[in-house]
Amino acid sequence: MTREDIKIYVLDYLAGRLTCKEWVEMVTNYLEGTMSFLPRLRFHLHLGMCLGCRNYLKQVRQTIRLMGELPRQSPPQEIQAELVRRFRSLKTLSN
Amino acid sequence: MGVLEGLDRFEGRSSLKTWIFSILTNKAKTRGVRERRCIPVSSLVADEGDHDEPTVDPSRFQSSGHWQDYWSAYPETWDENTPEKRLLGQEGAALLGQAIEALPPRLKQIIVMRDVEGLESQEVCAILSVSEANQRVLLHRARARVRQALEDYMGRTKRK
């Protein structure tokens, strides 16, 4: 038995059995802040003792952050120019 | 252009961003109808997966014994062994883009609005007319798939 095994053994005893397989499906609820008190407690206890799940959560957070940092695609120049042209004509109309 | 023309009608009941997004989705729908592009509902639903279907490959968990359903090949941290820089580079961004692109339409819509464009969940629900719970399930599936794609790219798992 490794240290990890013992930790999870203790955890099962304290918080009721929550497997990693069940845990990973709770991640979005957790991140969205929609979990009620008890499930959140169990989630945290498992998280605190399980290295694999800690890494999993880190990866999900990194994934989300990286998606937020994706470069925005600006529309091609000719479309931008066309938009500006139409915008100008719209302004003249309404004036 | 629809946005500029309709700006007078904007009532400030929602944020400007939400409003622009709803115009875009409506335009897209109208165009779809006009061009008679019929997409069978099944193709939209297909591949989104069942709501109960696991989002992590079941083979990653132990299949028997006391530790059944605990990790057998657990995820590696990305920053320690493989610098996150790898994911920040152009190649990483391209890969991330591909992973998002490869998602079924509904999942793609939601993850782009939430995680790429940074809209709030209430905004997304309003624009797409889905319930909060449904939006969360779809977001969960989408994020899990993108994470998996990045993990494949990083190409490392640790075996116990």
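Here are some friendly notes on the two-chain model above, point by point.

1. **Ground rules.** This is a predicted model, in which local features need pLDDT of at least 70, side-chain atom pairs count only at pLDDT 80 or more, and totals for chains, interfaces and linings use all residues. Residues are numbered from 1 along each chain as its sequence is written, while chains are lettered from A and ligands numbered from 1 in the order in which they are written.

2. **Confidence in chain A.** The mean pLDDT (the predictor's confidence in each residue, from 0 to 100) is 83 for chain A, and 85% of the residues score at least 70. Within chain A, helix 3 has the highest confidence, at 96, and helix 1 (residues 3-15) the lowest, at a mean of 72. Where pLDDT is low, the predicted coordinates should not be read in detail.

3. **Make-up of chain A.** You will find six helices and zero strands in chain A; both are DSSP runs numbered from the N terminus, helices being H or I of at least four residues and strands E of at least two. Of the 95 residues in chain A, 21% are buried. Here a residue is buried if 20 or more other C-beta atoms lie within 10 Å of its own, exposed if 12 or fewer, and partly exposed in between, with C-beta atoms placed from the backbone.

4. **Two residues to look up.** L66(A) sits in helix 5 of chain A and is buried because 21 other C-beta atoms lie within 10 Å. Q80(A) belongs to helix 6 of chain A and is exposed, with 11 other C-beta atoms within 10 Å. From Q80(A) to R42(A) there are 38 residues in sequence and 52 Å in space, C-alpha to C-alpha.

5. **Where the chains meet.** In chain A, 28 residues are in contact with 31 residues of chain B; contact here asks that two C-beta atoms, placed from the backbone, lie within 7 Å. Helix 2 (20-24), helix 3 (27-31), helix 5 (51-68) and helix 6 (77-94) of chain A each supply at least two residues of the side that touches chain B. Helix 5 of chain A gives the most, with 13 residues.

6. **Helix 6 of chain B.** This helix (residues 90-101) carries the buried residues L95(B), L96(B), A99(B) and I100(B). Seen down the helix axis, the buried residues fall within an arc of 135 degrees, so they line one face of helix 6 of chain B; the arc is that of the directions from the axis to the C-beta atoms. Turned away from that buried side are the exposed residues Q90(B), E91(B), A94(B), Q98(B) and E101(B). The buried residues pack against helix 5 of chain A together with helix 7 (105-116) and helix 9 (132-154) of chain B.

7. **The cores.** A nonpolar core is a set of buried Ala, Val, Leu, Ile, Met, Phe, Trp, Tyr and Cys residues joined through C-beta atoms within 7 Å. Which residues touch the most other members of the largest one? Of its 23 residues, they are L96(B), I110(B), I111(B) and A142(B). Helix 5 of chain A and helices 6, 7, 8 (121-128) and 9 of chain B each give two or more residues to this core, and helix 9 of chain B has the largest share, seven residues. A second, separate core of 18 residues includes I8(A), M49(A), Y70(B) and A144(B).
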